[in-house]
Amino acid sequence: MNQKTPQEIEIVVQRGYHPNRASLTVGIPARITFLRQEAGGCSREVVFPTLGIRRELPQGVPVTIDVPALAAGTLAWTCGMNMMRGSLAVEPA
């Protein structure tokens, strides 16, 4: 079986997610690294509701989340309070 190299995305957390929308290619796993550069309580964690993933984001410490290969569609994430939002557009190559 051929292993595919994960796609890599970096998201900076500072008064929102930057970028707050990114693209992935269908069928290739991804590694998303969040770097929280603020002390606000809302950004203390990130949640991928449809994947059942919830991770703490310590200030100044990169946190990498491995995402499995996905079908076409949109994958949303939010802060723990559901106030800040971001999404990934999963599209064919």
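**Close-up views of a predicted model**

View 1. Four strands, a count of 4, form an open sheet in the order β2-β1-β4-β7, and the pairing is mixed. β2 (17-18) and β7 are the edge strands; each has a single partner strand, so one side of each has no neighbour in the sheet. Within this sheet, β1 and β4 run parallel and are joined by 7 bridges.

**View 2. The pairing of β3 with β9, and the two faces of β3.** β3 and β9 run parallel, with 5 bridges between them. T25 has E91 of β9 as its bridge partner. In a regular strand, side chains alternate between the two faces of the sheet. In β3, A22 and L24 make up the covered face, while R21, S23 and T25 make up the uncovered one.

**View 3. The largest nonpolar core.** This core holds 24 residues, and those touching the most other members are Y17, F34, V46, F48, W77 and L88. Two or more residues each come from β1 (7-13), β3 (21-25), β4 (30-36), β5 (45-48), β7 (63-67), β8 (73-79) and β9 (85-91). Nonpolar side chains in soluble globular proteins tend to be buried together.

**View 4. The surroundings of Y17.** Setting aside residues up to four places away in sequence, Y17 touches I11, V12, F34, E45, V46, W77, T78, C79, M84, R85 and G86. Among these contacts, F34, V46 and W77 are listed with Y17 as core residues that touch the most other members.

**View 5. Cysteines C42 and C79.** C42 has a relative accessibility of 18% and therefore counts as buried, the cut-off being under 20%. C79 has a relative accessibility of 1%, so C79 counts as buried too. C79 is also one of the residues that Y17 touches. A disulfide is a covalent bond between the sulfur atoms of two cysteines. With the requirement that a pair of cysteine sulfur atoms lie within 2.5 Å, the model has 0 disulfides.

**View 6. K4 in the segment before β1.** K4 has a relative accessible area of 44%, so K4 counts as partly exposed. Apart from neighbours within four places in sequence, K4 is in contact with G27, I28 and P29. K4 and A69 are 65 residues apart along the chain, and their C-alpha atoms are separated by 9.5 Å.

Key:
Residues numbered from 1 in each chain as written. Predicted model: local features only at pLDDT ≥ 70, side-chain atom pairs only at ≥ 80, totals over all residues. Heavy atoms only, no water. Buried < 20%, exposed > 50% of the residue type's maximum accessible area, 1.4 Å probe, protein only. Core = buried A, V, L, I, M, F, W, Y, C linked by side-chain atoms within 4.5 Å. Contact = heavy atoms within 4.5 Å. Pairing = 2+ DSSP bridges.
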